[in-house]
Amino acid sequence: MSMTDPIADLLTRIRNGQSSGKTHVSLASSGIKESVLEVLKSEGYVAGYRKESDGAKDTLTVELKYHSGAPVIENIQRVSKPGCRVYRGKDDLPTVMGGLGVAIVSTSRGVMSDRQARAEGHGGEVLCVVS
């Protein structure tokens with residue numbers, strides 16, 4: 001069975017892992033997933049991730065982050081979907097919770113946070129919002 005939305009799968013695995021108190025979750029590797037995880041790591045929402053190779057396929061293991069027993073990520077939601085893409089210019093990028101959250105944007109310069117995209121003057125596809 002082919003997966004139509006790998007980013008939604010990544011977000012769902014993180015959401016489900018944190019709701020069940022897991023320390024880490026594993027999933028199939030891809031370049032876009034690594035880019036999203038890099039933004040989540042730099043913004044402090046996940047403790048880290050590592051890429052593991054076992055022969056023909058690579059897997060990503062995401063180390064989930066908790067603060068005082070509660071998950072750091074309260075809400076993680078997909079914005080742009082395969083059936084309805086959402087593109088925003090640099091001036092129209094969303095601010096999540098008045099700047100307390102982050103929107104992850106795919107730009108022509110790569111995947112980055114909304115703050116970084118605004119600072120560099122890039123718009124793009126709004127992949128997801130995290131708070």
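Is Met97 buried, partly exposed or exposed? The views below, taken from a predicted model, begin with this residue.

**Figure 1. Met97 in the loop between strands S7 and S8.** Met97 counts as partly exposed, its relative accessibility being 48%. The loop that holds Met97 runs between strand S7 (87-88) and strand S8 (102-107). The backbone of Met97 has a phi near 50°, a positive value in a residue other than glycine.

**Figure 2. Ser68 in the loop between strands S4 and S5.** Strand S4 (66-67) and strand S5 (70-71) are the elements between which the loop with Ser68 is found. Phi of Ser68 is positive as well, near 55°, and this residue too is not a glycine. The relative accessible area of Ser68 is 72%, and Ser68 is therefore exposed, as this value is over 50%.

**Figure 3. The salt bridge between Asp9 and Arg13 in helix H1.** The whole structure contains nine salt bridges, and one of them joins the side chains of Asp9 and Arg13, with an N to O distance of 3.1 Å. Both residues belong to helix H1 (residues 6-19). Because Asp9 and Arg13 are four residues apart in this helix, about one helical turn separates them. Asp9 has a relative accessibility of 18% and so counts as buried, the cut-off being under 20%. Arg13, by contrast, is partly exposed, with a relative accessible area of 35%.

**Figure 4. The salt bridge between Arg50 and Glu52.** Side chains of opposite charge can pair when their charged atoms come close. In this view, the side chains of Arg50 and Glu52 meet in a salt bridge at 2.8 Å, N to O. Arg50 is partly exposed, at a relative accessible area of 38%.

**Figure 5. A network of salt bridges that links Glu34, Lys51 and Asp58.** Within this group, Lys51 and Asp58 form a salt bridge in which the closest N and O atoms are 3.7 Å apart. This separation falls within the 4 Å limit, and the contact therefore counts as a salt bridge. For Lys51, the relative accessible area is 47%, which makes this residue partly exposed. Asp58 is likewise partly exposed, with a relative accessible area of 28%. Glu34 is the remaining member named in the network.

Technical notes:
Residues numbered from 1 in each chain as written. Predicted model: local features only at pLDDT ≥ 70, side-chain atom pairs only at ≥ 80, totals over all residues. Heavy atoms only, no water. Helix = DSSP H or I, 4+ residues; strand = E, 2+ residues; numbered from the N terminus. Buried < 20%, exposed > 50% of the residue type's maximum accessible area, 1.4 Å probe, protein only.
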